[in-house]
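Work through the exercises below with the structure open. Each task is followed by a stepwise solution.

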Amino acid sequence: MDATQPYWLTAFLDFPAGEFDRGAAFWSQATGWPLSPTRGEHDEFSSLVPPDGADYLRLQRLGDGETRVHLDVHVADPEDAAIAAQERGASVVRQVNPGLVVLASPAGFEFCLVRQPRDTVPAAPHWPGGHRSRVSQVCLDIPPKSHAEELAFWAGTLHGEIQASPGRPELAWIEPAGSFPLQVVTQRLALAGLMRGHLDIASDDRAAEVERLRRQGALVRAVRSDRTVLEAPGGTSLCVLDRAP
């Protein structure tokens, strides 16, 4: 396999120090997965650890900055993948070590290229009442002027094919060559000033899942035909989708 072709995606929820504990508690409850012990030079990192499969959701306590989502793209050779990403318009933010390069996409969305091996996607938890749910998608919210360039950039970075969304021209999916725990969708968002990302939860009972998350402190912001938009404690946005998890 091409050493620059991704084999896994990890989503990071990055919180300012004052929001970290509240955000971490919510996402642990939302997924049903306990937090790992903290790690890093300043105990800034933690993972949500499923009972089966590999972890793919992590948290970071920021020294400063806003609540955000960033991605770790797992490849066999981060340095070669970084060169290829720069040829598509990315810029290197910093080289942390030989196995970790931090970059920014053409529109400024930060992501990391890492070498950590991962394999099996965890199963979706069952909740009281019988429904299931799982964080299964990351949505990249892109200003209109940057959408075409970003869509092409992420399709190239993920070695994936672009799939248009029937009836919703603002959405496009990137179908990767491998099996990821997270599907990647781009959204052309008219009101977006800067490019951002958010997580989506797939559920076989949207109403039950929204109510479960509301009891844990999430606020409903909008209800659409196929999704409910919420704001989670700690300041992150998320959507609950009508989709098998």
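A residue is called buried under 20% relative accessible area, exposed over 50%, and partly exposed in between. The model is predicted.

**Exercise 1.** Classify Arg115 by its relative accessibility, then describe its salt bridge with Glu79.

Solution.
- Step 1. Arg115 has 38% relative accessibility, so Arg115 counts as partly exposed.
- Step 2. Its salt bridge partner is Glu79, with the closest N and O atoms 3.3 Å apart.
- Step 3. Arg115 sits in the loop between E7 and E8, whereas Glu79 belongs to helix H2 (residues 78-87); the two are 36 residues apart.
- Step 4. Glu79, at a relative accessible area of 25%, is partly exposed.

**Exercise 2.** Determine which parts of the chain the salt bridge between Arg118 and Asp55 ties together.

Solution.
- Step 1. The N to O distance between the side chains of Arg118 and Asp55 is 3.4 Å.
- Step 2. Arg118 is in the loop between strand E7 (110-114) and strand E8 (133-142), and Asp55 is in the loop between strand E2 (45-48) and strand E3 (57-62), so the pair ties together parts 63 residues apart in sequence.
- Step 3. Asp55 has 14% relative accessibility and counts as buried, while Arg118, at 23%, counts as partly exposed.

**Exercise 3.** Compare the radius of gyration of the protein chain with that of a compact globule.

Solution.
- Step 1. For 245 residues, a compact globule would have a radius of gyration near 18 Å.
- Step 2. The protein chain has 17 Å, which agrees.
- Step 3. Buried residues account for 51% of the 245 residues.

Methods:
Residues are numbered from 1 along each chain as its sequence is written. This is a predicted model: local features need pLDDT of at least 70, side-chain atom pairs count only at pLDDT 80 or more; totals for chains, interfaces and linings use all residues. Side-chain values use heavy atoms; hydrogens and water are left out. The radius of gyration is taken over C-alpha atoms; the globule rule is 2.2 Å times the number of residues to the power 0.38. Buried means under 20% relative accessible area, exposed over 50%, partly exposed in between (1.4 Å probe, protein chains only). A salt bridge is a side-chain nitrogen of Lys or Arg within 4 Å of a carboxyl oxygen of Asp or Glu. Helices (H or I, at least four residues) and strands (E, at least two) are DSSP runs, numbered from the N terminus.
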